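Let's take a guided walk through a protein structure, one step at a time. Keep the picture open beside you as you read.

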Amino acid sequence: MKRALSALLLAAAGCAHAGGPSSQQPKPAASATVPVPPVPFPSTYHPFRSVPTLIRGATVMTAAGQVIPNGQVLMVDGKVAAVGQTVNAPAGATVIDATGKYVTPGIIDVHSHLGVYASPGVDANSDGNEATNPVTANVWAEHSVWPQDPGFVRALENGGITSMEILPGSANLIGGRSVVLKNVPSRTVQGMKFPGAPYGLKMACGENPKRVYASRGPSTRMGNVAGYRTAWIEAAAYRRKWDDWDANGRKASDMPTRDLGLETLAEVLRGHILVQNHCYRADEMAQMIDISHEFGYHIRSFHHGVEAYKVRDLLAREGIGASLWADWWGFKMEALDETNANLAMVHQAGARAIVHSDDPGGIQRLNQEAAKAVLAGRQAGIDVSENDALRWLTANPAWALGIDDKVGTLEPGKQADVVVWSANPFSVYARPEKVYIDGALIYDRANPNLHPVSDFETGLLPAEAAR
Amino acid sequence: MSKRLLAAAAGALLATAPAAAQTVAIVGGTVETMAGPAIPNGTVLIRDGRIVAVGANVAVPAGARTIDARGKTVTPGFFDSSTQIGLEEVGAVDETNDHRLNKDPDHVAAAFDVRDGLNPNSIVIPVTRIAGVTTAVSRPDGGLISGQSVVVDLTGMNVDSMLIRGAVAMYASLAEGSRGEAGGSRSGQTMLLRQVLDDARTYARNREAYNRGQFRQLAASRLDLEALQPVLAGRMPLVVEVNRASDIRTTLAIAKEFGIRVVIGGGAEAWMVADELARANVPVVVKVLQDLPETFESLGERYDNAAILRRAGVKVAITAGDTHNARNVKQEAGNAVANGLSHDDALRAITLNPAQIWGVADRLGSLEPGKLANVVVWGGDPLELLTPVEHVLIHGREVPLVSRETMLRDRYLHLNDETRAYPSAAARPTPVQTPQQ
């Protein structure tokens, strides 16, 4: 009930990124010459200090197609340097004996509200829904993120989460920009921002906007659709205005007035921001796809997609990811037609299946959620390999966020975001033992000095309560 | 006979039919009896819905239906101690929610008994039981005193056939979220609770004067005061939803003051007062997967809560804390193991312990002769997420592993013109009883 309630209240979607989709996506027509205003709030993230590290003896699950028993992973200068049965490590490399353990890429959540709905969940910390207008494309989630949310630490130490997308909530048709973060301790959100990750745009279908705006509208699904279309018409006009200004020599005197909301939407139309669309029902996903065709943008991923299995052929054809829970259901009408086989059915149809959380508890066990979905797939006669199921947690979410050239698999050259698990990550008993981000050891179960503690939790319980 | 009468007659037949006039032998599995050590290569013999023998050397009578459990694990059906199964169909659709009585202004609904609102045809029931959960506490919530719960087995076409025990426990909340409904402060909540309990006691001593209208106004209605008598007499536990360590201590003080039995629900910080709970012999119903300082009353919540409580000697039941996903109670138990509880204790926390806490251990919770045959055969470790459920028996009768969810899955398993046209009922997987001998 707590869980369902949180899904109901917080479920949100949408983010996209500047920076082109890196895989076989239909790309909207981009007008590359138009000046994109310099992005304020630049990332100040830089990797923590790392030393050349060789992990050996573990079952290495690369998410790139290989599972290597008794394998080795070498990290140098924050990057995966080598992966294999045996690799050549530089002299003096720190050697981690992980015999009997498992190694995976860092887990990535495409749908989190950590920092914007922080713990403790008091009103003062409720910063995820700018529920003052059905379209708030002008707001940016990063301006709500509280880096001291204890949820970041829990996601790290229990879930092996190394990157995540923080979205505005689902109260609005268009909720605003999302931001992609590295899960590192930081005083500022800029210090967590994933360098080079495109922004996202959160959109939401169905019951939530209807409920939130019932008294002033939109109060129906048709009202929702009218709202999206109106916004895109304005965005297209805005984009044209800037294109014309660009074509006419960019005279300072003629420069159009900036509009924060339309600026974000125009960037979506230019293909620089990726649309993350909260949408449960199959028929509504089809409606949203039609709208995207009408205005020439692409939906990067549907989030929550409880009925994705019903239109998995359509999702595959359109190149749209499906960010799903393993089993949440029943908390509202549009979440009624659930099957635990959803992820496996979507996967089998050739669409990108992604396990997401939308929850500060769920983000701590995306690996377990994947396991439940794998079992349901088997029971439906769909055998999903461990490598493919791991991709639901790493490579596919990386793709949905437009960062799959940087993270999501253990391959040479990628950022060394790595988790050492105590057991097979699809086991309920598995716990992260070590988490590396850009090659730096950020969490070590065996070392209390590497158990991050947020400012909020510092001194929170009396010393007598410690065991 | 009118259609209506016919239906009534059919209903009566269903209600009174023997659970299953047959003998079933589950043979060859590792039997986790919960009554003692696991029995490798054991047999569970079931007759007429009850367990008649369990052991390594049980003779299988001729003509018994045999379930081959070699290489598999056999357990009692799992038991979730805090759900609203049968009382909530769709969370956000108020018309389908029957677990709370919005009773202003006193917020005391002790007489509210969820039994009469229970829907045996809830779509949540098949979804839950095919995951190996055969028994649930379905309970009220809301207000200072919410009402009374039931223990039900997840089977049957009517409430009587699923009901194991009615009026199992009384529910109260001293949790932060309920403050507004009861006085607006912690002390206000406890003040009102004490007042109601005290008036219930006073009422019982002055029933005649009260009924003649010659007694002062009391803090609750006559029905509610009556409903609290079993609590005051120690025959019915009071489940108190409470999280902060200091609030748990207050609860223990009230229990002592009134001489009543309490069970702690919620219990986020129960580990901090584990020794006191053990000394007072107070059980705790915990959700394992909560470790965030989500509220100021749960700043200390942690994954090893159950393990610490168990070590201190507290009887623990594990719940998924959900209705639609009560099926995940095994995942909660598995995570308790990953955080220090023994595998055996984790299994007990979702079988025998709840049966004992709710007073139904004479019929449920372990695989022992005489108990109801709620038995699950698992393809491996029951707490592992990749382990399939192979067989579910409730009252000795095998439940088809079909739910609305598996039917929707199968309807869409192959996308083709038939999907577009919606297959008829005949094309659906038929929920057939396993052939019985």
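How many residues does the contact take from chain A and from chain B? The contact takes 56 residues from chain A and 59 from chain B, where contact means heavy atoms within 4.5 Å.

Before going on, a word about what you are looking at. This is a predicted model, in which local features need pLDDT of at least 70 and side-chain atom pairs count only at pLDDT 80 or more, while totals for chains, interfaces and linings use all residues. Residues are numbered from 1 along each chain as its sequence is written, chains are lettered from A and ligands numbered from 1 in the order in which they are written, and side-chain values use heavy atoms, with hydrogens and water left out.

Let's stay where the two chains meet. Together, chain A and chain B bury about 4700 Å² between them, and 56% of that is on carbon and sulfur atoms. Buried area here is the accessible area (1.4 Å probe) that two parts lose on being put together, summed over both. Between the chains there are 26 residue pairs in polar contact, with both residues at pLDDT 80 or more. A polar contact is a pair of N or O atoms within 3.5 Å; within protein, one must be able to donate a hydrogen and the other to accept it, and residues adjacent in sequence count only if both atoms are side-chain atoms.

Which helices build chain A's side of the contact with chain B? At least two residues each come from α1 (2-10), α2 (150-159), α7 (312-318) and α9 (366-379) of chain A. Helices (H or I, at least four residues) and strands (E, at least two) are DSSP runs, numbered from the N terminus. The largest share of this side, 8 residues, is supplied by α9(A). By type, the residues on chain A's side divide into 26 nonpolar, 12 polar and 18 charged. In this sorting, Ala, Val, Leu, Ile, Met, Phe, Trp, Tyr, Cys and Pro count as nonpolar, Asp, Glu, Lys and Arg as charged, and the others, Gly among them, as polar.

Now for the charged pairs. Side chains of opposite charge can pair when their charged atoms come close. A salt bridge is a side-chain nitrogen of Lys or Arg within 4 Å of a carboxyl oxygen of Asp or Glu. Across the interface of chain A and chain B, the rule finds 3 salt bridges. One salt bridge joins the side chains of A:Asp337 and B:Arg404, at 2.7 Å from N to O. A:Asp337 is buried, at 13% relative accessible area, whereas B:Arg404 is partly exposed at 33%. Buried means under 20% relative accessible area, exposed over 50%, and partly exposed in between (1.4 Å probe, protein chains only).

Chain B has salt bridges of its own. B:Arg65 and B:Glu398 meet through their side chains at 2.8 Å, N to O. B:Arg65 lies in strand β4 (residues 65-68) and B:Glu398 in strand β18 (residues 397-398) of chain B, so the pair ties together parts that are 333 residues apart in sequence. Are these two residues buried or exposed? B:Arg65 counts as buried at 10% relative accessibility, and B:Glu398 is buried at 8%.

Next, find helix α8 (residues 245-258) of chain B. Its 14 residues should span 20 Å at 1.5 Å a residue, and its end C-alpha atoms are 20 Å apart, which agrees. The expected span is 1.5 Å times one less than the number of residues in the helix. Several residues of α8(B) are buried, including B:Ile248, B:Leu252 and B:Phe258. The buried residues of this helix pack against α4 (186-205), α7 (229-232), β12 (238-242), β13 (262-266) and α9 (274-279) of chain B.

Zoom in on B:Thr251, which lies in this helix and is buried at 2% relative accessibility. Leaving out residues up to four places away in sequence, B:Thr251 touches B:Leu174, B:Val240, B:Val242, B:Val262 and B:Ile264. Just after the helix, B:Gly259 takes a positive phi of about 65 degrees.

Our last stop is B:Asp322, in the loop between β15 (316-318) and α11 (329-338) of chain B. B:Asp322 is buried, with a relative accessible area of 7%. A polar atom of its side chain lies 3.2 Å from the backbone nitrogen of B:Asn325.
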